[in-house]
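I opened my notebook today to look around a new protein model. Come along and see what I looked up.

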Amino acid sequence: MKIIALDIGGTAVKSGLVDNGVLKEHRETPTPASEGGQAVVALAKKLIAAYLPEGADGIGISTAGVVDSKSGSILFAEDCIRGYTGIQVKALLEDAFSLPTAVENDLNAAAVGEAAFGAGKGCKSLLCVGFGTSVGGAAVLDGRLYTGSHFGAGEFGHMVTHAGGLPCGCGQRGCFERYASASALVRQAQRLDPSLDSGRAIFRRLREPRVKAVVDSWLREIVYGLASLIHLWDPDCLALCGGVMQQSYPVEQLKALVPKSVMPAYRSVSIQAAQLGNQAGLLGAAELARRLAAGQLR
Ligand SMILES: [Zn+2]
């Protein structure tokens with residue numbers, strides 16, 4: 001089955017043709033975010049139209065923002081694309097192309113991609129936890145994406161791990177992401193040396209004991225959160241996402257530390273880095289569209 005897949009982000013729109021789970025062609029186009037949501041949809045239509053001559057059975061859209069995946073509309077996206085909130089992406093694209101179209105939030109789509117083709121392949125249930133400027137995530141349970149009652153499931157970063165701790169943008173205090181995000185690591189490292197301004201810069205200097213101490217303290221914060229998530233969801237696989245988790249040190253440390261922090265029945269959980277990189281959203285959106293076209297998506 002051939003699916004045209006798009007991954008709409010605040011800075012770039014990735015697009016490609018996915019044939020039986022394999023990304024055949026992949027391009028990246030700047031997102032006209034400042035021109036608003038309608039301009040983004042117009043670009044999406046143009047990109048999709050370019051793939052049509054190759055034949056397609058469906059369209060899969062992974063997108064920034066909170067997405068009502070039942071209606072395929074954008075519930076909220078003002079923080080990344082102005083005027084995108086409220087746009088009926090699925091209806092607009094199905095009217096234009098008469099192809100079954102699946103629309104899903106980008107983190108959720110990436111989790112579906114990892115579950116089907118990457119770190120969670122063969123697993124019953126997968127949690128994806130992403131570490132970047134914030135901490136986000138998604139849950140694929142018994143093979144199906146769990147979106148919650150309001151399409152908001154997976155906000156792992158706003159689980160409170162420090163009662164009364166640091167203030168968070170969500171209005172609470174002590175949220176997991178204030179301590180465990182890649183940004184939190186950089187913030188701590190820059191107290192030592194302002195030139196430690198990225199995960200890459202920090203891991204290059206891991207042999208310095210004071211840098212390693214900052215990294216190890218950050219990893220302990222991650223362990224608190226992951227242990228709670230494992231106790232709550234009992235997944236058989238947990239994928240660590242985000243650029244900082246492409247480094248081997250944090251992944252190997254978490255593989256060793258997390259099982260020691262959960263009850264014995266949970267220790268067989270497989271912890272690994274996400275495998276699909278920036279193709280996860282495209283592949284996941286394509287998989288959702290394939291299921292929709294095959295009548296398997298409820
Ligand atoms: Zn928060």
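Entry 1, the aromatic cluster. I found that Tyr146, Phe156 and Trp233 form one aromatic cluster. I kept in mind that this model is predicted. In the whole structure I noted 3 aromatic pairs. One of them joins tyrosine 146 and tryptophan 233 edge-to-face, with 6.0 Å centre to centre and 65° between the planes. I saw that this pair links distant parts of the chain: tyrosine 146 is in strand S10 and tryptophan 233 in helix H7, 87 residues apart.

I then looked up phenylalanine 156 and tryptophan 233, an edge-to-face pair at 6.4 Å centre to centre with 70° between the planes. Phenylalanine 156 lies in the loop between S10 and helix H4, and tryptophan 233 in helix H7, so this pair ties together parts 77 residues apart in sequence.

I noted about 1,400 Å³ of space in the largest pocket. Its lining has 48 residues, and Ala64, Asn105, Asp106, Leu107 and Ser134 lie nearest the centre. Which helix gives the largest share of the lining? I found that it is H3, with 6 residues. By class I wrote down 18 nonpolar, 21 polar and 9 charged residues in the lining. Domain 1 and domain 2 each give at least three residues to the lining.

Definitions and conventions. Residues numbered from 1 in each chain as written. Predicted model: local features only at pLDDT ≥ 70, side-chain atom pairs only at ≥ 80, totals over all residues. Heavy atoms only, no water. 1 Å grid on protein atoms, 1.4 Å probe; cavity = no way out; pocket = protein on both sides within 12 Å on 5 of 7 lines; lining within 4 Å. Points joined across faces, edges and corners; volume = space filled by probe spheres on them. Helix = DSSP H or I, 4+ residues; strand = E, 2+ residues; numbered from the N terminus. Nonpolar A, V, L, I, M, F, W, Y, C, P; charged D, E, K, R; others polar. Domains from an automatic or database assignment. Phe/Tyr/Trp six-rings, centres within 6.5 Å; stacked < 30°, edge-to-face > 60°.
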